[in-house]
Amino acid sequence: MTGQTLVRRHPCRAQGDIERVDCNRSLKARLAQSVHSGVIPATPKDENMVGPAFTLRNVPAREDRNPITVFRNPDRPQHVAIETCPKGHVRVRDARRDARAATAGSILVTRLAKRGAAGIVSDGGFRDAHGIGQFAMPAFHACPSAPTNLTLHEARDLKVPISCGGVPVCPGGILVGDRDGVNVIFAHLADESAEEYKGMDAPRAFVLEKVGNGAPIIGLYPCTKDENRKKVRSLAREDRPLTL
């Protein structure tokens, strides 16, 4: 994902606006911790996932607190999160990077998709990972995992700051997922990021084409040579397909 433009209509922006963000944007803002480590798509999708975070915090499970009978509780946060995640949001659940037990399975994810969520993200595992990967809704996890979540995870709090994939995720922060993984765009940087990266595609195509034609990367990537900088700036302003 690093350095790759991520493009999709942002559900929280006015109709017609386009969200284009890049994980280097967070680095430029001195926010290096923005890419979820070890979180990959269950199945890569053609379209990117974009949406505000709806968070669910886990704590380590304990046998006396998490018997199988807790599933009878209608107020159990795991299920409440599925039924209250707003349309167009991404449900994010932390698993403390422990994928030995599942954080969701096909039934819960099916319900989440039917309710119109933009995606689901966990740094733990998914049961029924192959089936979840066939849904149109993007799903990101660490790896397939069959054991029930009760063996390791206790769902506790909704809509609170969490850690997922080693990065902070706050409610409402923008999550962008593609074939490489998931990036967090901090909410206060979302509009600025969208504006800054409107003209990113053509400059990247310019650099990639030059390298593909045998050009050396020194002075081109990063773009420090004057003639290359002028071309890149021109393309960024025009935001049009590259013609060499």
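Arg96 is partly exposed, with a relative accessible area of 33%. This residue sits in the loop between β5 and β6. Its phi is positive, about 55°, although Arg96 is not a glycine. Most residues other than glycine have a negative phi. Keep in mind throughout that this is a predicted model.

Look for Lys159 in the loop between β11 and β12 (162-164). Its relative accessibility is 57%. The cut-off for exposed is over 50%, so Lys159 counts as exposed. Arg96, at 33%, is partly exposed.

Now step back to the whole chain. The secondary structure comes to 7 helices and 15 strands. The chain has 244 residues, and 47% of them are buried. Take the contacts with a separation of 6 or more: residues 24 or more positions apart account for 72% of these. The accessible surface comes to about 12300 Å². Carbon and sulfur atoms hold 53% of that surface.

Helix α2 spans residues 77-84. Which of its residues are buried? They are Pro77, Gln78, Ala81 and Ile82. Viewed down the axis of α2, these buried residues fall within an arc of 145°, so they line one face of the helix. An α-helix has 3.6 residues a turn, so residues three or four places apart point the same way. What does the buried side of α2 pack against? Its partners are the strands β4 (49-60), β5 (90-93), β6 (102-104) and β11 (153-158), along with helix α3 (106-114).

Just after α3 comes Gly116, with a positive phi of about 90°.

Move on to strand β8, residues 125-126, where Gly125 lies. Is Gly125 buried or exposed? At 0% relative accessibility, Gly125 counts as buried. Leave aside its neighbours within four places in sequence. Gly125 then contacts Ala99, Ala101, Ala102, Thr103 and Ala104, and also His141, Cys143 and Ser145. Gly125 and Phe140 are 15 residues apart along the chain, and their C-alpha atoms are separated by 9.1 Å.

How many cavities of 30 Å³ or more does the structure hold? There is 1. The largest cavity has a volume of about 60 Å³. By type, the lining divides into 5 nonpolar, 3 polar and 4 charged residues.

The last stop is the loop between α6 (201-212) and α7 (226-238), where Pro222 is found. The peptide bond from Tyr221 to Pro222 is cis, with omega near 0°. Most peptide bonds are trans. Gly219 lies in the loop between α6 and α7 too. Gly219 is buried, with a relative accessible area of 12%. Not counting residues up to four places away in sequence, Gly219 touches Thr224, Lys225 and Asn228. Gly219 and Arg229 are 10 residues apart in sequence, and 9.0 Å apart in space from C-alpha to C-alpha.

Terms used: Residues are numbered from 1 along each chain as its sequence is written. This is a predicted model: local features need pLDDT of at least 70, side-chain atom pairs count only at pLDDT 80 or more; totals for chains, interfaces and linings use all residues. Side-chain values use heavy atoms; hydrogens and water are left out. On a 1 Å grid over the protein atoms alone, a cavity is a set of points where a 1.4 Å probe fits but cannot get out, and a pocket is an open set with protein on both sides within 12 Å along at least five of seven lines; lining residues have an atom within 4 Å of a point. Grid points are joined across faces, edges and corners, and a volume is the space filled by probe spheres set on the points. Ala, Val, Leu, Ile, Met, Phe, Trp, Tyr, Cys and Pro count as nonpolar, Asp, Glu, Lys and Arg as charged, and the others, Gly among them, as polar. Buried means under 20% relative accessible area, exposed over 50%, partly exposed in between (1.4 Å probe, protein chains only). Helices (H or I, at least four residues) and strands (E, at least two) are DSSP runs, numbered from the N terminus. The arc is that of the directions from the helix axis to the C-beta atoms. Contact means heavy atoms within 4.5 Å. Accessible areas come from the Shrake-Rupley method with a 1.4 Å probe; for residues, only the protein chains shown count as cover.
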